Amino acid sequence: MKYLGMPLGSSFKSPLIWNPILEKMEKRLSGWKRLYLSKGGRPMLLKSTLSSLPTYFLSLFTIPKAVATRLESIQRNFLWGSSEGGFKYPLVAWDKVCLPVEMGRLGLRKVVSFNQALLGKWLWRYGHEDTHLWRRVISSKYGED
């Protein structure tokens with residue numbers, strides 16, 4: 001069962017809750033024609049669309065390593081124009097592609113570090129939002145420590 005797009009009753013560590021995100025990414029990619037996109041258009045689509053699809057899940061759950069690897073492989077294959085039938089060698093290592101634009105790279109997000117940043121935001125909000133209802137509920141249920 002789902003509530004507000006989130007699966008209820010399943011383990012948050014299970015890779016199965018990430019299947020809708022993976023399917024949505026692959027479905028979105030199937031509509032785009034890789035052959036007709038320039039090498040400059042692919043990173044723009046990756047930044048604007050593909051990297052933003054899992055943001056809601058990433059802000060609530062720790063992503064399993066296998067799912068993070070799969071998400072990055074989908075993005076990597078799209079960037080370099082690989083398809084299901086063939087493989088194209090990448091022109092630049094993925095770690096270098098994910099470096100900031102200021103360093104001369106494309107500035108794509110690494111999934112694991114983006115997940116840690118989003119989860120860390122909840123810790124920051126917990127320390128700064130003393131009067132909010134969600135914070136008071138957590139404090140009363142689990143304590144301040």
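The model is a predicted one, and every value given here was computed from it. On its surface, K2, K24, K27 and R28 gather in a patch of positive charge, while M1, Y3, L4, L8, Y56, L60 and W122 make a nonpolar surface patch of about 820 Å².

**The positive patch and helix α1**

- The largest share of the positive patch comes from helix α1, which spans residues 19-31 and supplies three residues of the patch.
- K27, which is one of the residues gathered in the positive patch, is found in helix α1, and with a relative accessibility of 66% this lysine counts as exposed, because the term applies to residues with over 50% relative accessible area.
- S30 is also found in helix α1, where S30 is exposed with a relative accessible area of 55%.
- Between S30 and P54, which are 24 residues apart along the chain, the C-alpha atoms are separated by 17 Å.

**The nonpolar patch**

- Y3, which is among the residues that make the nonpolar patch, lies in strand β1, a strand that covers residues 2-3.
- The relative accessibility of Y3 is 55%, and Y3 therefore counts as exposed.

**T49 in helix α2**

- T49 has its place in helix α2, which runs over residues 41-50, and T49 is buried, with a relative accessible area of 15%, since buried means under 20%.

**L108 in the loop between α5 and α6**

- L108 is found in the loop that lies between α5 (94-97) and α6 (111-128), and at a relative accessibility of 6% this leucine counts as buried.
- Not counting residues up to four places away in sequence, L108 touches P43, L46, K47, L79, W94, V97 and C98.
- Two of the residues touched by L108, W94 and V97, stand at the ends of the range 94-97 given for α5, whereas P43, L46 and K47, which L108 also touches, fall within the range 41-50 of helix α2.

Note on methods. Residues are numbered from 1 along each chain as its sequence is written. This is a predicted model: local features need pLDDT of at least 70, side-chain atom pairs count only at pLDDT 80 or more; totals for chains, interfaces and linings use all residues. Side-chain values use heavy atoms; hydrogens and water are left out. Patches are made of residues with over 30% relative accessible area and no salt bridge: like charges are joined within 9 Å, nonpolar side chains (Val, Leu, Ile, Met, Phe, Trp, Tyr) within 5 Å. Accessible areas come from the Shrake-Rupley method with a 1.4 Å probe; for residues, only the protein chains shown count as cover. A salt bridge is a side-chain nitrogen of Lys or Arg within 4 Å of a carboxyl oxygen of Asp or Glu. Lys and Arg count as positive and Asp and Glu as negative; His and the chain ends are not counted. The place of a charge is taken as NZ of Lys, CZ of Arg, CG of Asp or CD of Glu. Helices (H or I, at least four residues) and strands (E, at least two) are DSSP runs, numbered from the N terminus. Buried means under 20% relative accessible area, exposed over 50%, partly exposed in between (1.4 Å probe, protein chains only). Contact means heavy atoms within 4.5 Å.
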